[in-house]
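Biologist: I have a model open and want to learn how to read it. Where do we start?

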Amino acid sequence: MLEQKFEMVYTKFKLHFYQEIFSRFQNREASLTTVETFAMETILALGTPTVNEFASFMGISSSNAAYKINSLIRKGYVEKVQSEQDKREHHLKVTEKYLRYCNISNDYLHVVMQRIQKRFTQAECEKLEEMLTVIGQELMSEVQLPPTSAAAT
């Protein structure tokens with residue numbers, strides 16, 4: 001039963017995101033393919049990965065990753081920023097254009113969080129936060145995010 005409830009919540013978040021994306025396609029605002037959207041979400045979650053770090057995380061070749069990244073750069077969703085420590089290395093940085101594009105899922109997350117805080121006591125919210133921390137840090141160890149990532153907290 002717990003698994004079904006968790007899956008339902010996760011599915012509702014995904015479906016809300018998809019609804020918003022499709023409505024943008026209708027208005028001709030969206031220019032990302034599904035795979036590009038997944039790539040962008042991954043780059044955002046990883047912080048500022050290099051192309052090789054992105055490729056390694058996704059389990060694809062560096063050349064395949066570079067091809068996808070170059071498409072995202074051309075569309076204005078990612079930029080390469082030269083590393084301060086190693087001038088030969090470039091990090092991927094999500095642009096403001098993508099942040100506006102992806103804000104639709106963050107907005108909904110914020111709405112749901114406000115509803116949770118209104119519906120449940122502070123102690124219940126603190127317990128939920130504790131449980132989510134354990135889930136994210138201990139029970140989902142297969143997916144490692146950098147500590148500075150918003151998705152890692």
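Modeller: Start with Val51. Leaving aside neighbours within four places in sequence, Val51 is in contact with Ser62, Ala65, Ala66, Ile69, Lys80, His90 and Leu92. Contact means heavy atoms within 4.5 Å. This is a predicted model: local features need pLDDT of at least 70, side-chain atom pairs count only at pLDDT 80 or more, and totals for chains, interfaces and linings use all residues. Residues are numbered from 1 along each chain as its sequence is written, and side-chain values use heavy atoms, with hydrogens and water left out.

Biologist: Is Val51 buried or exposed?

Modeller: Buried means under 20% relative accessible area, exposed over 50%, partly exposed in between (1.4 Å probe, protein chains only). Val51 has 15% relative accessibility, so Val51 counts as buried. Val51 sits in helix α3. Helices (H or I, at least four residues) and strands (E, at least two) are DSSP runs, numbered from the N terminus.

Biologist: Now the core. Which residues touch the most other members of the largest nonpolar core?

Modeller: In soluble globular proteins, nonpolar side chains tend to be buried together. A nonpolar core is a set of buried Ala, Val, Leu, Ile, Met, Phe, Trp, Tyr and Cys residues joined through side-chain atoms within 4.5 Å. Here the largest one has 18 residues, and Met40, Ile43, Ile69 and Leu72 touch the most other members. Elements giving two or more residues to this core are α1 (2-26), α2 (34-46), α3 (51-58), α4 (62-74), β2 (90-94) and α5 (96-119). Take Leu72. Beyond four places in sequence, Leu72 touches residues including Met40, Ile43, Tyr77 and Val78.

Biologist: How many aromatic pairs are there?

Modeller: Rings of Phe, Tyr and Trp (its six-membered ring) pair if their centres lie within 6.5 Å; planes under 30 degrees apart count as stacked, over 60 as edge-to-face and the rest as tilted. The count is two. Phe13 and Tyr108 have ring centres 5.7 Å apart and planes at 70 degrees, so they are edge-to-face. This pair links helix α1 to helix α5, across 95 residues. Phe13 is partly exposed at 28%, and Tyr108 is partly exposed at 23%.

Biologist: And the other pair?

Modeller: Tyr77 and Tyr98 have centres 6.2 Å apart and planes at 85 degrees, so this pair is edge-to-face. Tyr77 lies in the loop between α4 and β1 (78-82), and Tyr98 in helix α5. Both Tyr77 and Tyr98 are buried.
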